[in-house]
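Below is a short report on helix packing and aromatic pairs. Look at the model first, then read on.

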Amino acid sequence: MVYSYAAPFESAKLKVSDVHSLHYEVSGNRDGAPVVFLHGGPGGGCDEKDRSFFNPNKYKVIFLDQRGAGKSTPSACLEENTTWDLVKDIERLREHLKIEKWHVFGGSWGSTLALAYAQSHPDRVKTLVLRGIFTCRKTELRWFYQEGASHLFPEAWEEYLAPIPESERGDLISAYHAKLNSSDDEIRLNAARAWSKWEMSTSKLYIDPAHVAAAEKDDWANAFARIENHYFVNEAFMRDGQLLDSQEIDKIRHIPTIVVQGRYDVVCPPTTAWALKKAWPEITLHIVPDAGHSLVSWGSQSSWSR
């Protein structure tokens, strides 16, 4: 079901460091059950349309643009920008809004961040709703950015490869890191558009030209690509497989959790959702048989890239 959404009743900036100020919005029912929405990317920022997935009569919906993303400032900033900085930011926002416990909703990178937050603050999470599971393991990064998804989208893959000289393609995430941090604006933005377009071209079951066109917006592509690459070249500032370790799962095993996963999700394939289910049998896992990665809505329907 998709709900109509109205303008937020609170919209403000929260200063979380000497460098970063985060944009947040609150909508729905002022006295409703609080739910925090954790966007993907990292670097993607929130989209107002995502409010339509929450019943505004029941929930108090909190949107947060993560460091350097969306309306947060400074845009595309990599300084003091790690997974654990973001976890602290979420907790700081909860305290700022005087919320005792809340529901946590996250998709794609948002699912990574939701798991990291819950494992750090299990006593503050009522439930978890996760989609498009991603844990930033080396195998997941290699599948999408080095070899794997490339076999399904060869024409889009060629465009992704284009900014990188053939001699530097043995480690594409590192090669892109150099381009995305170039002092030359043209080199940096060309790489940002190519990196972003690769994800936009593969994230829906049926390619949406409007979705792909977002990669041509320089400001958005620069923030999205630079921050995402920064996290991935640093393997999300976690040890490989950390979020799936039994000692970490044990911290959150008691939290009611629903996972929704697209069968044909190319960006975050179902193998990771299945690994989470095996590590944490108590979760409810729904694999949607005709869905891709990106969560979309239109009219009176909702779907995952169908």
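Which residues do ring pairs link into a cluster? They are Phe134, Phe144, Tyr145, Trp157, Tyr160, Tyr176, Trp195, Trp198 and Phe232. Rings of Phe, Tyr and Trp (its six-membered ring) pair if their centres lie within 6.5 Å; planes under 30 degrees apart count as stacked, over 60 as edge-to-face and the rest as tilted. The count comes to 20 aromatic pairs.

This is a predicted model: local features need pLDDT of at least 70, side-chain atom pairs pLDDT 80 or more, while totals for chains, interfaces and linings use all residues. Numbering starts from 1 along each chain as its sequence is written, and side-chain values use heavy atoms, without hydrogens and water.

| Pair | Centre to centre | Angle between planes |
|---|---|---|
| Phe144 and Tyr145 | 4.9 Å | 85° |
| Tyr231 and Phe237 | 5.5 Å | 90° |

Phe144 is buried at 2% relative accessibility. Buried means under 20% relative accessible area, exposed over 50%, partly exposed in between (1.4 Å probe, protein chains only). Tyr145 is buried at 4%, and Tyr231 at 0%. Phe237 is partly exposed, at 26%.

Next, helix α4 (residues 154-161). Helices are DSSP runs (H or I, at least four residues), numbered from the N terminus. Ala156, Trp157, Tyr160 and Leu161 are the buried residues of α4. They fall within an arc of 140° seen down the axis, so they line one face of the helix. The arc is that of the directions from the helix axis to the C-beta atoms. Exposed Glu155 and Glu158 sit on the face of α4 turned away from its buried side.

Definitions and conventions: Helices (H or I, at least four residues) and strands (E, at least two) are DSSP runs, numbered from the N terminus.
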